[in-house]
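This report describes selected features of the structure shown below.

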Amino acid sequence: MPSERYVFPHRHLLGIQPLSPQDITALLDQAQAFEEVCERPSIKIVPALRKKLVVNLFFENSTRTRNSFEIAEKRLSAEIINFDADTSSLNKGETLIDTAMNLQAMHPDLIVMRHSAPGAHALLARHMKASIVNAGDGSHEHPTQALLDAYTLRKHFQRLEGLRVAIVGDIRNSRVVRSNLWLLTRMGVKVTLVGPPTLVPQELKATWPDIEICHDFDAVIPSQDAIMMLRAQFERGTGAYIPGQGEYSRFFQLNPARMKRAKKDVVVLHPGPINRGLEITSDVADGPNNLILDQVTNGVPVRMAVLYLLSNPHGEQVP
Amino acid sequence: MPAAQGQCSMDPGQVELTLQRLAAELVARVKPEEEVVLLGIRSRGLPLAERLATLLRAATGAPVPVGSLDITLYRDDLTEMVGSPIVRPTEIPFTLKDRTVVLVDDVLYTGRTVRSAMDALLDHGRPHRVMLLVLADRSGRELPIQADLAGVRVEVPPGHRVAVRVKEIDGEDGVTVEAC
């Protein structure tokens, strides 16, 4: 637990990049306190965000992330407005500021936003008094997913430092990866990125020099404590970078044969939604080593921790 | 009579004797059929509750469950604070339904912590009754709350506070009145 004098110094959660190891630890520790709330046999609601207004502003579809945020908000007793924005018919730059001004006029305390443009959250943060939570921006960052992944790993292994984690699949199009790279490397996890050369940009090493990149999944598996499978995002253009789904599965699918090469107590993560039979087979996804539904469960207390720590902004604030 | 600055109200030996007396008074106050559980309010109420549980077990032969309560999320000034205070885990690994819950804290002052603690514990179940036990009871109540059992009643002059130290957290037991 952080010391009683520690105050979360950030006004917004735009990404993992601005967070120190101490901030990350504080978020994970707070999530632990909120997990107790979520697992109570009786009333799973605390009055921590009573009288606070939270706007869920989703410019992109997301059922799970939004549901998870909404449950977190309800468990904190926040007032909630869901604002579904249809970007397709609008000029994005102007509309976002217009939307921000309109929202500002209603004096929200927190805005949870998903938007396809990486700079959208920072833009909103400059125009709003409310705290902004990034619920995913294009292929840039998805900080709460990385926090719940780390929470799930830390809960299972009782530590993060020194763990070996392989992140496998469509690295190029994944926003989960960037947030995870910031977080895991900052907390001392040894990360190996695995995938076809076309889907694993070498330039990631310029930002994260300590990571390894490998295109041979079979060679990487035996040394890993955790394998984080990514969704092959054919709707985001994964298909343009690889010869075909069959070939992708042959080299990068996590299946029973590959699990035999892994440590007995390896854990398997996946941010969902799963393409069963493509990047992972059903018997592995539902098998004894998987923490995939734990990730979903842990998403709620992690998001409660984020909303709680941002709900009382500190005097001297950093983005 | 107002206490002077830094005046020692209880030394380590007195704290121990007081806890023994409080445990004996508690035994006298509950009926044999009541199932007693202790909830220590974090931070210093928790070690006090654990020590009382040991004393109660020695007196009655029956183990007394101890839980911890963090009241941060139930504070009435939480949404007005600058910076969210760190929340520590609440651990109540037993039912409160129909139990006699004894809330344990170090100091009773405004009563606001106890008000928050009652809200928090009622979210965990409906007890038979709730009692309040504190090591030090001081003036300055802002809510209609009083202790059922108090180790010492301390008069505190303006600008002063009651500081309770417990060996598990502070290295030594003691109760003193200090300038704020």
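## Burial in chain B

A residue counts as buried if 20 or more other C-beta atoms lie within 10 Å of its own. In this predicted model, buried residues make up 42% of the 180 residues in chain B.

## Overall form of chain B

Chain B contains 4 helices and 8 strands. Along the sequence, these elements of chain B follow the pattern β-α-β-α-β-β-α-β-β-β-α-β.

The C-alpha trace of chain B spans about 45 × 40 × 30 Å along its principal axes. The radius of gyration of chain B is 16 Å, which agrees with the value near 16 Å for a compact globule with 180 residues. Of the contacts in chain B between residues at least 6 apart in sequence, 71% join residues at least 24 apart.

## Two helices of chain A

Two packed helices are described by the angle between their axes and the distance between the axes. In chain A, the axes of helix H1 (residues 21-38) and helix H12 (residues 292-310) come within 7 Å and cross at roughly 120°. H1(A) is therefore oblique to H12(A). The crossing of H1(A) and H12(A) is right-handed.

## Residues at the helix contact

Which residues of H1(A) meet H12(A)? They are A:Leu27, A:Gln30, A:Ala31, A:Phe34, A:Glu35 and A:Cys38. On the side of H12(A), the residues are A:Val300, A:Pro301, A:Val302, A:Met304, A:Ala305, A:Val306, A:Tyr308 and A:Leu309. Sorted by class, the contact of H1(A) with H12(A) has 12 nonpolar, 1 polar and 1 charged residues.

Definitions and conventions
Residues numbered from 1 in each chain as written. Chains lettered and ligands numbered in written order. Predicted model: local features only at pLDDT ≥ 70, side-chain atom pairs only at ≥ 80, totals over all residues. Axes fitted to C-alpha atoms, helices over the stretch in contact; angles between N-to-C directions. Parallel < 35°, antiparallel > 145°, perpendicular 65-115°, else oblique. Left-handed = near helix turned anticlockwise from the far one by under 90°. Contact = placed C-beta atoms within 7 Å. Nonpolar A, V, L, I, M, F, W, Y, C, P; charged D, E, K, R; others polar. Rg over C-alpha atoms; globule rule 2.2 N^0.38 Å. Buried ≥ 20, exposed ≤ 12 C-beta atoms within 10 Å, placed from the backbone.
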